Amino acid sequence: MQIIYTDVLVIGGGLAGQRAAIGAKRRGHEVIVLSLVPAKRSHSAAAQGGMQASLGNCIGGSGDNEDVHFTDTVRGSDWGADQQVVRMFAHTAPKAIRELAAWGVPWNRVERGSREITVDGKKKTITESGEAHGLITSRNFGGTQKWRACYVSDGTGHAMLYTMSNQAIAAGIPVHERMEAIALIHEGARCQGAIVRNLITGEVLAYVAKATCIATGGFGRIYRVSTNAIINEGIGAAIALETGAATLGNMEAIQFHPTGIFPAGILVTEGCRGDGGLLLDGAEHRFMPDYEPEKTELASRDVVSRRMEEHIAAGHGVKSRFGEHLWLDIRLLGRDHINTKLREVKEICQYFLGVDPVKDLIPVRPAQHYSMGGIRTDHRGESPQLRGLFSVGEAACWDMHGFNRLGGNSVAETVVAGMIVGDTIADFCDSPEGAVTLSTSLVEAFGKREQQRLAAITDGGGSESAFELTRLMQQTMTDNVGIFRHADRLEEAVATLQSLQQRSRNLGLRNKVAGANPELVAAYRLQGMLKLAQCVAFGALQRTESRGAHFRADHPRRDDLNWMCRTLASWPDARGDLPTLTYEPLDIMTMEIPPGWRGYGAKDYIEHPDTARRQQQIDEILANVQGDDRYARQEALMPFRHLLPDELRRNNQRLGEQ
Amino acid sequence: MEQIPVSPAARTLHISIFRHNPQDPASEPHLQTFELEEADTMTLFIALNELREKQDPTLQFDFVCRAGICGSCGMIINGRPGLACRTLTRDLPEQITLAPLPAFELIGDLSVNTGKWMRGMSERLETWVHRQDLAQVDIDRLEQAMEPELAEQIYELERCIECGCCVAACGTAQMREEFVGAVGLNQITRFQLDPRDERDDADFYELVGDDTGVFGCMTLLGCEDMCPKDLPLATQIAFLRRKMVAVGY
């Protein structure tokens, strides 16, 4: 078996992985990026509408700053997020966007003067200042108080990923394409690389590294209807889980995006609604204001998706032979706007639906979109259980999203976390702890174990089809672990997944062709995906409350008294059929914002006695802070800058704020 | 959905696919024909996956986003390069022939190594912003202003998804392996337009001022005709050639 040595192994070539790679490389470490596909084809490219960063340049963003971004994100998370991490994020996001601006991303810019926009179904004129002309502009998105989503038409992720990839090429970082990590190499509480399969030749090889960083994105493909790319099967999270040591956080927190086109599930951006688009029902009635008078179409995604499904269940959907759906109406935005700011949306409608959104309605229904959960890390991006194992981006539960992510906060997380974690990876490699201590024989033993696992599938003569079992898994997740969850349905999902797991031990192949063999790929991935699916279903069954995107119809209230905690799943017994769940408390007494109403959605929740105590404490602390310096007030409540790398600690300049 | 016309009776598609597995010494390139019952709103993404799951699990092809934005699934569809994921079978006749994109290394069947080709092109043409102080940019301060219109023009050229359809449709690329293709020349025009890139025309001439670059183009316009993103490739090449001629003399 070939063994490749490097300082840093980054698994995943999307925005998060490449930014972490660039950070570690700048500090003088050799980095190799592994990617299932050419890096520029990673799912980051699918981010359409924008990246949240509180620049506050345009008129709709004026008055925005880190404090407002922080508040929106914590409310969006339904108080499930780590508030210190949210602070680190909100503080670094403007730096991330400015770095990308210098590197070449053609962000849309503020244009001075008046123009007509669409708000609440009506035309309105706004005027941009001359001072802001040429600075980065932003658009409105759900769950935010300001226009904060910086964008490049509706190809934001594409433009960011191309710039990032090109800078990684400039830095001389090799991307080993069509390579799949199928197991982590670990000894005791230390991870030192991965066993990797070549998806062209089928060869198995080992990469030994001081630091290993998983940046493989989400796992939407455990669902049948998902906006995710077909490579988003969560294998990075699965191999971390399969170490038996590393934990996955909040796996039951799954986001459903309101506007997947129906029935294909392809995403059309939240920017459609941010720019003034409306949701209509079967009678072409705009129904969101009936449910959510405060934020209407621009409540957070979990709330809008729930309201849509509720409205369909009440008999107001549009009936079609594929099932029921609702309409997204962007006709009122006009041809010019659609042709310049929503052109990918236009293409998607044209090619996949045969409709022209300038004059036609777009059929939509919520579809699985994002995994808030993932590999649990500390604020530095490292697994608390496995030293030398880092994770970043959607693959990680760093935990800035809690139980619901705001639109535009995911691409922002990828680059922000990449900047921070790239630096902590370099620190780790520089420390004595970073030394590679692994014996070659252990590497060989891991390689042999994986080769035997593959051979058991290839030569075992089993009778089950991986394609068939994958379909059954996806169906049960979409049917039973969706937007509205209930104990009965969740129990059914857990039992179904247990039986599928049993059956997956008897997989067989119809063909043993040389090379990667797509049937073998489906087979070994299925075993990891079933474990992830079980973490989601079992975690959802155990969490008897409703928080953010996790909604239990049989426990409809948020329960701060009993569930102010993060779920941690591990899989210590490889032959076991359920994860081990433990819970990590979220301490209200250290929060900058104690739990409350989000400003949209349900007003009814079970309060924790600490909430009032902490609020009183906050009032006292603030009463003792001299002056109205917002940085000093924040610092007094919950310091966070010491957690950031030195060069990211300074304040961000804004128009009218030094 | 009322908009989607229902075909009166489902057609049986006859899909002929180029088959070859270079990893298998016994494999010979050949066409294999499959029969498949057409479904409503069936794309080639759905059709190929159904063939692999139900008929031949060894079939190799590449899809990632399946939404027409990542450029993975470029292939020759009835003689023309295009993105398979957004090609609806109802727009094709019953006889469909699929072949891998030419000019790229074959991985197997319909899968080709566009990633390796594109990385090579990027390294050779240095398709990134060149600036002395890039690592020292002060990211705490306000960003450099840029004219809104210029930002939009740059994005127009940056919409390229490196799918390889322009290379497959290019006469020069078929004859001259070193030719950087419309994809490469378009990227040069993108960075030339960008004020953040400090390179001047003489620098770009060094990169594309010969017949592996802008002077290799025979103006057959296949690239622009076949570009799934409708990029103005021929115009960009013509514009670049005029600039490069000026530098050359």
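1. Let's start with how helices H14 and H15 of chain A cross: the crossing is left-handed. Bear in mind that this is a predicted model. H14(A) covers residues 487–504 and H15(A) covers residues 518–542, and their axes come within 9 Å at a crossing angle of roughly 160°. That angle is over 145°, so the pair counts as roughly antiparallel.

2. Who touches whom here? On the H14(A) side the contact residues include A:Leu490, A:Val494, A:Leu497 and A:Gln501, and they meet residues of H15(A) including A:Leu530, A:Ala533, A:Ala537 and A:Leu541. Sorted by type, the residues of this contact come out as 13 nonpolar, 5 polar and 2 charged.

3. Now for another helix pair in chain A. H2(A), residues 66–76, and H3(A) have axes that come within 9 Å and cross at roughly 135°. H2(A) is therefore oblique to H3(A), and the crossing is right-handed. From H2(A), the contact draws on residues such as A:Phe70, A:Thr73 and A:Val74, while H3(A) brings in A:Val86, A:Phe89 and A:Ala90, among others.

4. The largest nonpolar core has 139 residues, and A:Met51, A:Trp107, B:Leu48 and B:Leu98 have the most contacts inside it. Helix H3 of chain A, residues 83–103, gives this core its largest share, 12 residues. There is also a second, separate core of 81 residues, with A:Ala466, A:Leu469, A:Leu520 and A:Cys535 among its members. As background, nonpolar side chains in soluble globular proteins tend to be buried together.

5. B:Leu98 is worth a click in the viewer. Setting aside neighbours within four places in sequence, B:Leu98 is in contact with residues including B:Ile15, B:Phe18, B:Leu44, B:Leu48, B:Ile77 and B:Leu110.

6. What about chain B as a whole? Chain B has 9 helices and 7 strands, and its C-alpha atoms fill a box of roughly 60 × 45 × 35 Å along the principal axes. Of the 249 residues in chain B, 57% are buried. Taking contacts in chain B between residues at least 6 apart in sequence, 62% join residues at least 24 apart.

7. Back in chain A, find A:Ile117 in strand S4, residues 113–119. Is A:Ile117 buried or exposed? With a relative accessible area of 11%, A:Ile117 falls under the 20% cut-off, so this residue is buried. Beyond its neighbours within four places in sequence, A:Ile117 is in contact with A:Lys122, A:Lys123, A:Lys124, A:Ile126 and A:Trp147. The C-alpha atoms of A:Ile117 and A:His337 are separated by 9.5 Å, though these residues are 220 apart along the chain.

8. Finally, a few backbone spots to check. Most residues other than glycine have a negative phi, and most peptide bonds are trans. The bond from A:Phe262 to A:Pro263 is cis, with omega near 0°, and A:Pro263 sits in the loop between strand S12 and helix H6 of chain A. A:Glu284 has a positive phi of about 55°; its loop runs between strand S13 and helix H7 of chain A. B:Glu162 also has a positive phi, near 50°, and lies in the loop between helices H3 and H4 of chain B. Which of these glutamates is buried? B:Glu162 is buried at 4% relative accessible area, whereas A:Glu284 is partly exposed at 47%.

Methods: Residues are numbered from 1 along each chain as its sequence is written. Chains are lettered from A and ligands numbered from 1 in the order in which they are written. This is a predicted model: local features need pLDDT of at least 70, side-chain atom pairs count only at pLDDT 80 or more; totals for chains, interfaces and linings use all residues. Side-chain values use heavy atoms; hydrogens and water are left out. Axes are lines fitted to C-alpha atoms, for helices over the stretch in contact, and angles run from 0 to 180 degrees between N-to-C directions. Helices (H or I, at least four residues) and strands (E, at least two) are DSSP runs, numbered from the N terminus. Angles under 35 degrees count as roughly parallel, over 145 as roughly antiparallel, 65 to 115 as roughly perpendicular and the rest as oblique. A crossing is left-handed if the near helix is turned anticlockwise from the far one by less than a right angle, and right-handed if clockwise. Contact means heavy atoms within 4.5 Å. Ala, Val, Leu, Ile, Met, Phe, Trp, Tyr, Cys and Pro count as nonpolar, Asp, Glu, Lys and Arg as charged, and the others, Gly among them, as polar. A nonpolar core is a set of buried Ala, Val, Leu, Ile, Met, Phe, Trp, Tyr and Cys residues joined through side-chain atoms within 4.5 Å. Buried means under 20% relative accessible area, exposed over 50%, partly exposed in between (1.4 Å probe, protein chains only).
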